[in-house]
Every structure is written in C-alpha cells, then in structure tokens.
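The following note sets out a few points for a colleague reading the model.

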Amino acid sequence: MPPAKDATCTYATDWFTAKLRWKLTVDRTEARALRAIAAGCPDATVTFTLAP
C-alpha cells in the first residue's frame with residue numbers, strides 16, 4: 001500500500017480495475033485484503049473495460 005493515506009483508495013481502485021480488466025484471479029487472502037481496503041473507500045467507483 002502507498003505510504004500516503006490519501007492515496008489508498010486510488011491505489012485500491014486501480015488494483016481492482018487491473019484485476020477485472022485482465023480477468024486476473026484473486027486468492028482468499030487477497031480478497032480479504034481488498035474487501036478491508038474497499039470498506040474504507042465508500043465513495044470509490046471502479047469502471048473498467050475488459051481487455052481484448
């Protein structure tokens with residue numbers, strides 16, 4: 001995670017976007033971490049386009 005707390009939600013949104021765009025897998029540990037981070041970002045929106 002980035003050291004700047006105000007960058008956490010942007011970083012997490014970019015992380016989600018990359019995972020979704022490229023249909024990357026997520027293991028249980030990563031899923032838990034992503035859910036915990038997302039809980040602190042109530043106004044974040046993830047928008048993506050699937051990679052060709």
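Which handedness does the link of C9 and C41 have, left-handed or right-handed?

1. The link of C9 and C41 is left-handed, with -90° about the S-S bond. This value comes from a predicted model. The sulfur atoms of C9 and C41 lie 2.0 Å apart and form a disulfide. The pair joins distant parts of the chain: C9 belongs to helix α1, whereas C41 falls in the segment after α2 (28–39), 32 residues apart.

2. A search of the whole structure returns 1 disulfide. The pair formed by C9 and C41 is a disulfide.

3. The two cysteines fall into separate classes of solvent accessibility. C41 counts as buried because its relative accessible area is 9%, under the 20% cut-off. C9, with a relative accessible area of 27%, is partly exposed, since that class covers values between 20% and 50%.

4. F16 is placed in helix α1, which spans residues 8–21.

5. Which residues does F16 contact, leaving aside its neighbours within four places in sequence? With those neighbours set aside, F16 is in contact with L34, A38 and V46.

6. As for the separation of F16 and K5, the two residues are 11 positions apart in sequence, and their C-alpha atoms are 18 Å apart in space.

Note on methods. Residues are numbered from 1 along each chain as its sequence is written. This is a predicted model: local features need pLDDT of at least 70, side-chain atom pairs count only at pLDDT 80 or more; totals for chains, interfaces and linings use all residues. Side-chain values use heavy atoms; hydrogens and water are left out. Helices (H or I, at least four residues) and strands (E, at least two) are DSSP runs, numbered from the N terminus. Contact means heavy atoms within 4.5 Å. A disulfide is a pair of cysteine sulfur atoms within 2.5 Å. Buried means under 20% relative accessible area, exposed over 50%, partly exposed in between (1.4 Å probe, protein chains only).
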